[in-house]
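My notes follow the order in which I looked things up.

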Amino acid sequence: MKRLIAAAGIVSLLLLSGCTAFNPFAVHVTQPVNAVMVYQLGNTYGTAKALAVGYAALPLCPPAVQINVTDVCHDKTLLKAIAADVHAADSAYAAVVEFVRTNPAGTSLGFGQLFDTAKQAITVLVSIEQQYNIGGPR
Amino acid sequence: MDLSKIIAAVGSAAATMEPIATTGMPVGKFASYLVAFINALPAIEKGFASAQPFIAAGLVLIASGGKGITDAAWEKQLALLTEQTSILDQQVAKDDTTNG
């Protein structure tokens, strides 16, 4: 539960601060950012989110059940945290797509920051999934 | 695929088999793992089906040499992402009305 609260806290901090400095995987985005990078980020995001969709499709865990190899189920608190991050990532990604579609050659700093923000929101989703082995151990 | 028939078959096979020689794992335990896996299959299939269009779009983009991101491609991608979020939201709402 403590880890879950910590993960939710990270998500909340990112949402509230629009923070671009924190990155769990220390991924550094360099300019220029182009449409292909944005599109592939979206495909990566969709694939990561598909793990969450599969996780959500598992039966709901009974109260006080620890997830293990034979009790395969989803935890509603964790799923709620994932859904909250997904909403943040959706908004951030939509902003990048809007920018790249209206500024196809966009290489401005503003574009890079948008991209970075979207990437970090998606990274948080992936890190939550990794933390809880959603999609299996990696 | 009729999962209930598979589960029943695994259960009856487990009752008659000796412990698996190579691992020493009791057959009952092996059967419970197998049943858990079979029960998880529909969720795994949903996850894979949800990922498939994104993987396909990525491969198409690579095959095109990074060209051809049309308005339709952007719209389709955004629609798929929205659909995934909707699935998650619906499950969260459903969980809120269920004990768990």
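I began with the lining of the second largest pocket and looked up which element gives the largest share of it; in this predicted model, that element is α2(B), with six residues. I then listed the elements that each supply at least two residues of this lining: α2 (35-57) of chain A, and α2 (27-63) and α3 (71-96) of chain B.

I next noted the space in the second largest pocket, which is about 240 Å³. The pocket is lined by 16 residues, and the closest to its centre are A:Tyr39, B:Ala57, B:Val60, B:Ala73 and B:Lys76.

I turned to the interface of the two chains. I found 36 residues of chain B in contact with 37 residues of chain A. The size of an interface is often given as the accessible area lost when the parts come together, so I looked up that value too. Chain B and chain A bury about 3200 Å² between them, and 70% of this area is on carbon and sulfur atoms. I also recorded three salt bridges across the interface. In a separate entry I noted a salt bridge between the side chains of A:Lys80 and B:Asp96, at 2.9 Å from N to O.

Finally, I checked the confidence. The predictor gives the complex an ipTM of 0.71 and a pTM of 0.68. Chain B has an average pLDDT of 81, and 70% of its residues score at least 70.

Conventions: Residues numbered from 1 in each chain as written. Chains lettered and ligands numbered in written order. Predicted model: local features only at pLDDT ≥ 70, side-chain atom pairs only at ≥ 80, totals over all residues. Heavy atoms only, no water. 1 Å grid on protein atoms, 1.4 Å probe; cavity = no way out; pocket = protein on both sides within 12 Å on 5 of 7 lines; lining within 4 Å. Points joined across faces, edges and corners; volume = space filled by probe spheres on them. Helix = DSSP H or I, 4+ residues; strand = E, 2+ residues; numbered from the N terminus. pLDDT = per-residue confidence, 0-100. Contact = heavy atoms within 4.5 Å. Buried area = accessible area lost by both parts, 1.4 Å probe. Salt bridge = Lys/Arg side-chain N within 4 Å of Asp/Glu carboxyl O.
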